[in-house]
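Hi there,

Here is the structure I promised to pass on. Please have a look at the model, and then read my notes on what turned up in it.

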Amino acid sequence: RLQGSGQLVTMATITELKCALKETLESRGVLGQLKARIRAEVFSALDDQSQARPPLSHENLLINELIREYLEFNKYRYTASVLTAESGQPEVPLDRQFMSNELNVVEDPSTRSVPLLYGLLSHFLNSGPGEKGGKLFLRGAPLAKDSIARSMGEVGRGGIPEPEKAGMSTAEPFVLQGGYR
């Protein structure tokens, strides 16, 4: 019986130790990082490298880069690494000036310290009434046009459709002003 009750005391101590360890890791912000790292490693181990990914469309390349910049700015590094691995996004981030040019955006100095996604969101949240009663009118279906362009061989930059052939506007740029954060 003594041995049995000793095991009970030991079990309670182990349970308390687990709780204390979990609380400590949570309070230091490490537990979430560990969970994200484990998910990234599990994904990497399960990822079938033998199955070819479809080529990245121009739109997906830009969208993924906007998301990656946002994730890295907010220190979601493991999430960004999974995005990069799963999407086939180049390991080296695209140049910010290149992104601005591709998105037809001109930045003021205050927007350069935050991800482009914040500036874009700020622009649309703070812009005055425009066409269609203050709503943005989205034209065309870029992904459908992208598929058509690819099937017709209208591609450039290593299989990425040219903007004007992929349904993207080459009109005058809009100016992002003021940081979102």
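First, a term for what follows: a salt bridge here is a side-chain nitrogen of Lys or Arg within 4 Å of a carboxyl oxygen of Asp or Glu. This is a predicted model, so local features need pLDDT of at least 70 and side-chain atom pairs count only at pLDDT 80 or more, while totals for chains, interfaces and linings use all residues. Residues are numbered from 1 along each chain as its sequence is written, and side-chain values use heavy atoms, with hydrogens and water left out.

**The chain as a whole**

The protein chain has 8 helices and 2 strands; these are DSSP runs numbered from the N terminus, with helices (H or I) of at least four residues and strands (E) of at least two. Along the sequence their order is α-α-α-α-α-β-α-α-α-β. Of the 181 residues in the protein chain, 24% are buried. For that label I use under 20% relative accessible area, with exposed meaning over 50% and partly exposed in between (1.4 Å probe, protein chains only).

The protein chain exposes about 12,600 Å², and carbon and sulfur atoms supply 59% of that area. Accessible areas come from the Shrake-Rupley method with a 1.4 Å probe; for residues, only the protein chains shown count as cover. Taking contacts (heavy atoms within 4.5 Å) between residues at least 6 apart in sequence, 70% join residues at least 24 apart.

**Salt bridges**

The structure holds 3 salt bridges. In one of them, Glu65 pairs with Arg68, and the closest N and O atoms are 2.6 Å apart. Both residues sit in helix H3, 3 residues apart, or about one turn of the helix. Glu65 counts as buried because its relative accessibility is 4%, and Arg68 is buried too, with a relative accessible area of 2%.

Another bridge joins Arg96 to Glu69, again with 2.6 Å between the closest N and O atoms. Arg96 lies in helix H5 and Glu69 in helix H3, so this pair ties together parts that are 27 residues apart in sequence. Arg96 also meets Glu107 in a salt bridge of 2.5 Å, N to O. That pair links distant parts of the chain, with Glu107 in strand E1 (residues 105–107) and Arg96 in helix H5, 11 residues apart. Arg96 is partly exposed, with a relative accessible area of 21%, and Glu69 is partly exposed at 22%.

Gln89 is in the loop between H4 and helix H5 (96–102), and it counts as buried because its relative accessibility is 4%. What is Gln89 in contact with, leaving aside its neighbours within four places in sequence? The list is Leu56, Asn60, Leu61, Asn64, Glu65, Arg68 and Thr84. The side chains of Gln89 and Asn64 make a polar contact at 3.2 Å. By that I mean a pair of N or O atoms within 3.5 Å; within protein, one must be able to donate a hydrogen and the other to accept it, and residues adjacent in sequence count only if both atoms are side-chain atoms. Gln89 and Leu62 are 27 residues apart in sequence, with 9.6 Å between their C-alpha atoms.

Asn74 is found in the loop between helix H3 (58–73) and helix H4 (77–87). It is buried, at 15% relative accessibility, and a polar atom of its side chain lies 3.0 Å from the backbone oxygen of Tyr70.

**Nonpolar groups**

In soluble globular proteins, nonpolar side chains tend to be buried together. Here the largest nonpolar core has 6 residues: Leu62, Leu66, Met99, Val105, Leu116 and Leu120. H3 and helix H6 (116–126) are the elements that give two or more residues to this core. Such a core is a set of buried Ala, Val, Leu, Ile, Met, Phe, Trp, Tyr and Cys residues joined through side-chain atoms within 4.5 Å.

Do let me know what you make of it.

Best wishes
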